[in-house]
Amino acid sequence: MAPWGKRLAGVRGVLLDISGVLYDSGAGGGTAIAGSVEAVARLKRSRLKVRFCTNESQKSRAELVGQLRRLGFDISEGEVTAPAPAACQILKERGLRPYLLIHDGVRSEFDQIDTSNPNCVVIADAGESFSYQNMNNAFQVLMELENPVLISLGKGRYYKETSGLMLDVGPYMKALEYACGIKAEVVGKPSPEFFKSALQAIGVEAHQLLSV
């Protein structure tokens, strides 16, 4: 195996996932994964450009960053690429007015978005808001549209909290796809456009990147 120096030759940037890589979420703000705080600090002292990518859709970026800082991470809101702001940009560009099936913790990210008379649905990891009534409301909005648009902030099956594994947005997204006979537009990992926006933010090409 080639030495690390040779393997990293040409690498100019690092994309870091957050949940499950830097910390495990849960009650009381979650816990940092052993060695992750120190690893981030070392990366930031290096010549490499660092960007954080997350599919977190239960917290705003401000809340997530505040939580990570309390755990000891050197991170700012401007260093985080997250699906909610990316979705808002798409909604504005396309004149879409969403029915929001999202967690209350991320609702502030959509404060500047018109949600009257919805002509699309945005779904995220809504937690307890994934009630039958809310899912049915989303279903009805989509079925009444001539060209239904379903935007999902990720498509993960599950994620880990300190209390155990939790269902993610993916199963609920798939339920609406099946019921409505449509295909969701995924904003967030693993969407190539999501990663491209992170690369653009740090001015790095894909071949110059290390992703963790």
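A: Begin with the largest pocket. Strand 9 (residues 158-161) gives the largest share of its lining, four residues. Keep in mind that this is a predicted model.

Q: How many residues line the largest pocket, and which lie nearest its centre?

A: The lining has 20 residues. Ser19, Asn55, Tyr158, Tyr159 and Asp168 lie nearest the centre.

Q: What is the volume of the largest pocket?

A: The space in the largest pocket is about 380 Å³.

Q: How do I read the class of the lining of the largest pocket?

A: Sort the residues into nonpolar, polar and charged. Here nine are charged, eight are polar and three are nonpolar.

Q: How do I read the domain arrangement itself?

A: Take the bounds, then the centres, then the contacts. The protein is divided into domain 1 (15-38 + 49-82 + 191-204) and domain 2 (83-187). Their C-alpha centres lie 21 Å apart. Across the boundary, 17 residues of domain 1 are in contact with 19 residues of domain 2.

Q: What is the volume of the second largest pocket, and which residues are closest to its centre?

A: The second largest pocket has about 290 Å³. It is lined by 17 residues, and Thr81, Ala86, Glu193, Phe194 and Ser197 are the closest to its centre.

Q: Which elements supply the lining of the second largest pocket?

A: Strand 5 (80-81), helix 4 (83-94) and helix 7 (192-202) each supply at least two residues. Helix 7 gives the most, with five. By class, the lining has eight nonpolar, five polar and four charged residues. Check the domains here too: domain 1 and domain 2 each provide at least three residues of this lining.

Q: Now the rings. How do I describe an aromatic pair?

A: Two values describe a pair of aromatic rings: the distance of the centres and the angle of the planes. A search of the whole structure finds two aromatic pairs. Phe130 and Tyr172 form one that is stacked, at 3.6 Å centre to centre with 10° between the planes.

Q: Which parts does the pair of Phe130 and Tyr172 tie together?

A: Phe130 lies in the loop between strand 7 (120-123) and helix 5 (132-143), and Tyr172 lies in helix 6 (residues 170-180). The pair therefore ties together parts that are 42 residues apart in sequence. Phe130 counts as buried, at 13% relative accessibility. Tyr172 is partly exposed, at 21%.

Q: Why is the pair of Phe194 and Phe195 edge-to-face?

A: Use the angle. The planes of Phe194 and Phe195 stand at 75°, and over 60 degrees counts as edge-to-face, so the pair takes that name. The ring centres are 6.1 Å apart. Phe194 is buried, with a relative accessible area of 3%. Phe195 is partly exposed, at 27%.

Q: Last, a single residue. Where is Thr115, and which residues does Thr115 touch?

A: Thr115 sits in the loop between strand 6 (98-101) and strand 7. Leaving out residues up to four places away in sequence, Thr115 touches Pro98 and Leu100. Thr115 counts as partly exposed, at 38% relative accessibility.

Q: How far apart are the C-alpha atoms of Thr115 and Ser60?

A: They are separated by 18 Å, while Thr115 and Ser60 are 55 residues apart along the chain.

Notes:
Residues numbered from 1 in each chain as written. Predicted model: local features only at pLDDT ≥ 70, side-chain atom pairs only at ≥ 80, totals over all residues. Heavy atoms only, no water. Phe/Tyr/Trp six-rings, centres within 6.5 Å; stacked < 30°, edge-to-face > 60°. Buried < 20%, exposed > 50% of the residue type's maximum accessible area, 1.4 Å probe, protein only. Contact = heavy atoms within 4.5 Å. 1 Å grid on protein atoms, 1.4 Å probe; cavity = no way out; pocket = protein on both sides within 12 Å on 5 of 7 lines; lining within 4 Å. Points joined across faces, edges and corners; volume = space filled by probe spheres on them. Nonpolar A, V, L, I, M, F, W, Y, C, P; charged D, E, K, R; others polar. Domains from an automatic or database assignment.
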